[in-house]
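Student: I would like to learn how to read a model like this one. Please show it to me, and let us take the features in turn.

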Amino acid sequence: MEIKQKIENLRTELREHNYNYYVLDNATISDFEFDMKLKELQALEAKHPEFYDASSPTLRVGGTITKNFETVVHEHRMYSLDNSYSKEDLEDWEKRIQKILGDAQVEFTCELKYDGASISITYENGLLVRGLTRGDGFQGDDVTSNIKTIRSVPLQLKGDYPPKFDIRGEIVLPFEGFAKMNQERIENGEDPYMNPRNTASGSLKLQDSALVAERPLDCLLYSIVGVNLGIESQFQMLEKARSFGFKVPKAATLCKTTDEVLEFIEYWDKHRHELPYETDGVVIKVNSIQHQEELGYTSKSPRWAMAYKFKAEQVSTVLNEITYQVGRTGAITPVANLKPVLLAGTTVKRASLHNADQIEKLDIREGDTVFVEKGGEIIPKIVGVDFTKRPIHSQPTQYIDHCPECNTPLERSEGDAKHYCPNEYGCPPQITGRIQHYISRKAMDIEGLGGETVELLFKEGLIENYADLYLLTKEQLIPLERMAEKSAENLVKGVAESVKIPFERVLFALGIRFVGETVAKKLARAYKNIDGLMMATVEELMSVDEIGQRIAESVVSFFRNGINIEIISRLREYGVQFEVSADKLENQTDILKGQTFVVSGVFENLGRDELKKLIEDNGGKVGSSISSKTSYLVAGDKMGPSKRTKAESLGVPIISEADFLNML
Ligand code: AMP
Ligand code: ZN
């Protein structure tokens with residue numbers, strides 16, 4: 001009885017914190033405390049499976065694998081929306097409605113149109129029982145275990161909810177999280193995702209729900225459907241949904257007149273870029289449910305609602321040439337070279353064409369006048385061709401089938417949109433790309449050597465891989481273009497100095513696919529030296545915290561390659577660090593495991609970098625900004641007041657340098 005009570009108290013408490021943080025955006029405890037409580041609950045649940053609860057907050061971390069998503073019929077059909085693109089379209093719609101409703105006073109609820117993946121979630125007796133994608137509107141895929149990992153989706157409701165209903169909403173990936181995911185992918189040598197919307201809908205179909213749990217997805221709700229709900233208006237529906245614990249954006253506004261509707265649209269057309277997620281328009285809904293029932297549905301959409309699509313910022317210009325870039329990993333990216341044009345405040349000269357399929361689908365050709373848009377992506381994209389302006393002798397684009405840099409036939413693996421040049425060790429941009437990565441600031445940080453010089457050295461036949469850098473002499477360098485005696489000296493010195501760079505950064509510098517900075521640190525910590533790592537099997541690697549199969553396989557294949565083995569043995573000969581240094585080993589502990597620190601200000605005894613190193617050496621993480629994930633803020637002199645306020649508001653403990661040293 002006592003254990004059961006304890007488990008239940010923890011669940012209630014964690015649910016509340018989840019709600020405060022993810023729905024209200026207002027955390028009341030630190031992430032560290034949250035994690036501790038969650039761990040406690042996990043341990044208790046593991047020991048007492050008899051108290052299993054399908055809505056326990058521990059289920060947020062995922063773990064279920066779905067092989068095939070089951071198709072399930074929607075109890076209430078999921079309709080589309082009619083679109084309008086102008087004020088006139090909207091006014092016509094309002095006139096049509098008014099005609100059907102007679103002289104009744106019609107009010108509207110205006111909402112933002114979130115751009116993500118639609119979802120319908122069923123709740124029974126306050127518990128989440130099922131989440132379905134929209135599918136064709138009649139039936140969708142059962143993605144329940146994935147939906148449960150999204151923190152802003154309540155597993156258990158609050159307040160006075162109806163016994164059974166479906167709630168509809170949109171799963172979105174906010175810009176910030178999207179950018180972070182892409183940054184990590186780029187660092188790991190993977191292709192970035194194209195846009196937040198596709199990534200959000202792709203996430204719902206991942207088979208491993210633990211991977212979904214890692215994605216910063218959010219769920220914004222806009223409609224409750226069911227029978228005998230006792231709801232009289234759309235606006236009231238939103239308020240009710242909010243009171244049950246759902247995340248309903250505050251932008252929704254009750255508009256009493258058509259003018260107010262237009263004001264809402266104008267306001268958000270200007271301010272939509274300030275929102276944390278993508279929107280592509282506004283949805284205007286007749287407010288009264290009774291009016292909605294009178295208006296009913298066409299074969300595909302409600303007559304009582306209308307989407308108004310914002311105009312994307314778009315211009316047209318001439319596509320002069322399509323060129324192809326080869327990345328460090330061999331991936332080919334087609335690039336549109338445009339006649340420069342002004343778009344959303346910046347001059348655009350190039351746009352991404354993504355891949356061969358995209359070019360074929362839009363039938364984009366050199367010489368075409370194309371429409372260029374700035375969407376959620378950072379790089380502008382081509383959305384279509386102005387066929388009226390196509391030159392007479394225009395020819396369809398032939399996508400390249402050989403590498404533009406080394407002429408090797410390109411490969412394309414099944415299910416991959418991109419072409420790759422497989423000539424890993426003979427293709428110039430792949431070779432120089434790897435060397436550039438090796439010397440970069442976060443890797444070997446070689447002073448006196450930059451990306452362009454790497455290209456020059458390669459062109460001159462002086463280097464073919466990063467081990468060759470260590471054989472360069474001043475005499476070889478001085479005759480080169482723009483290379484004075486002093487800069488040649490600096491370069492040689494910079495290379496020689498790099499043998500002091502610690503093992504974990506060397507490991508990152510090697511450029512193993514999917515091994516970013518963080519993974520390199522984890523591997524260095526787990527294996528201590530390269531010999532152990534080179535012998536490791538996929539299974540062994542996967543037993544290391546946070547190392548998944550994809551990374552493990554990539555590591556094993558890297559170290560099985562004869563060329564890599566030889567380069568590593570040469571680097572070792574030149575003195576590059578291939579083991580964790582003895583004093584580092586001695587000073588390494590796990591005292592701070594699981595804790596994240598933010599360091600700010602100036603300290604009396606330690607430099608800022610020393611402090612950070614101490615944190616990492618003892619198993620802690622260093623965070624860059626304060627969030628509810630921060631366990632402690634280590635505050636020195638001259639720390640900005642905003643940091644303090646933020647820490648205080650999130651309940652992050654603020655400690656001094658001395659407090660920190662005491663922890664060790
Ligand atoms: P469409 O896909 O163009 O037919 O637009 C309909 C879709 O818009 C719906 O399936 C929803 O997923 C999405 N949507 C986004 N925001 C809203 C909103 N506030 N109200 C209704 N639907 C919305
Ligand atoms: Zn090539």
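Student: Which residues does Ser631 touch, not counting residues up to four places away in sequence?

Tutor: Contact means heavy atoms within 4.5 Å. By that rule, Ser631 touches Phe32, Gly594, Gln595, Thr596, Val652 and Pro653. Ser631 is found in the loop between β18 and β19. Before we go on, some ground rules. This is a predicted model, where local features need pLDDT of at least 70, side-chain atom pairs count only at pLDDT 80 or more, and totals for chains, interfaces and linings use all residues. Residues are numbered from 1 along each chain as its sequence is written, chains are lettered from A and ligands numbered from 1 in the order in which they are written, and side-chain values use heavy atoms, with hydrogens and water left out.

Student: Is Ser631 buried or exposed?

Tutor: Buried means under 20% relative accessible area, exposed means over 50%, and partly exposed is in between (1.4 Å probe, protein chains only). Ser631 has a relative accessible area of 2%, so Ser631 is buried.

Student: Where does Gln595 lie, and what does Gln595 touch?

Tutor: Gln595 lies in the loop between α22 and β17. Its relative accessibility is 11%, so Gln595 counts as buried. Beyond four places away in sequence, Gln595 touches Phe32, Gly620, Lys621, Ser631, Tyr632 and Met663. Note that Phe32 is also on the list for Ser631.

Student: How many helices and strands does the chain have?

Tutor: Helices (H or I, at least four residues) and strands (E, at least two) are DSSP runs, numbered from the N terminus. Here there are 25 helices and 20 strands.

Student: Let us take a helix. Which residues of α23 are buried?

Tutor: A general point comes before the case. An α-helix has 3.6 residues a turn, so residues three or four places apart point the same way. In α23 (residues 608-617), the buried residues are Leu611, Ile615 and Asp617. They pack against α17 (517-527), α22 (582-587), β17 (596-600), β18 (621-623), β19 (632-635) and α25 (657-663). Just after α23, Gly619 takes a positive phi of about 90 degrees.

Student: Now the strands. Which strands pair with β10?

Tutor: Two strands pair if DSSP finds at least two bridges between them. Strand β10 (residues 279-286) pairs with β3 (residues 108-114) in the antiparallel sense, over seven bridges. β10 also pairs antiparallel with β11 (residues 305-309), over five bridges. In β11, Met306 stands opposite Ile284.

Student: What else does β3 join, and how covered is β3?

Tutor: Three bridges join β3 to β9 (residues 253-255), again antiparallel. There, Phe108 stands opposite Cys255. Seven of the seven residues of β3 are buried. In β10, eight of the eight residues are buried, so β10 is largely enclosed by the rest of the structure.

Student: Which residues coordinate the zinc ion (ligand 2)?

Tutor: Donors are N, O and S atoms within 2.8 Å of the metal (3.2 Å for Na, K and Ca); water is not among the atoms, so sites may look incomplete. Here the donors are the SG atoms of Cys403, Cys406, Cys421 and Cys427, at 2.2 to 2.3 Å. Their spacing in sequence is C-x2-C-x14-C-x5-C. Cys406 and Cys427 both lie in the loop between β16 (381-385) and α12 (428-439), so the pair ties together parts that are 21 residues apart in sequence. Cys406 is partly exposed at 21% relative accessible area, whereas Cys427 is buried at 0%.

Student: What is the geometry of the site of the zinc ion (ligand 2)?

Tutor: Four donors count as tetrahedral if all angles lie between 85 and 135 degrees. The ideal angle for four tetrahedral donors is 109.5 degrees. The angles at this zinc ion run from 101 to 113 degrees, and the site is tetrahedral.

Student: How many residues of the chain count as buried, as a percentage?

Tutor: Of the 664 residues, 48% count as buried. The C-alpha trace spans about 90 × 80 × 50 Å along its principal axes.

Methods: Tetrahedral: all angles 85-135°; square planar, octahedral: opposite > 155°, others 65-115°.
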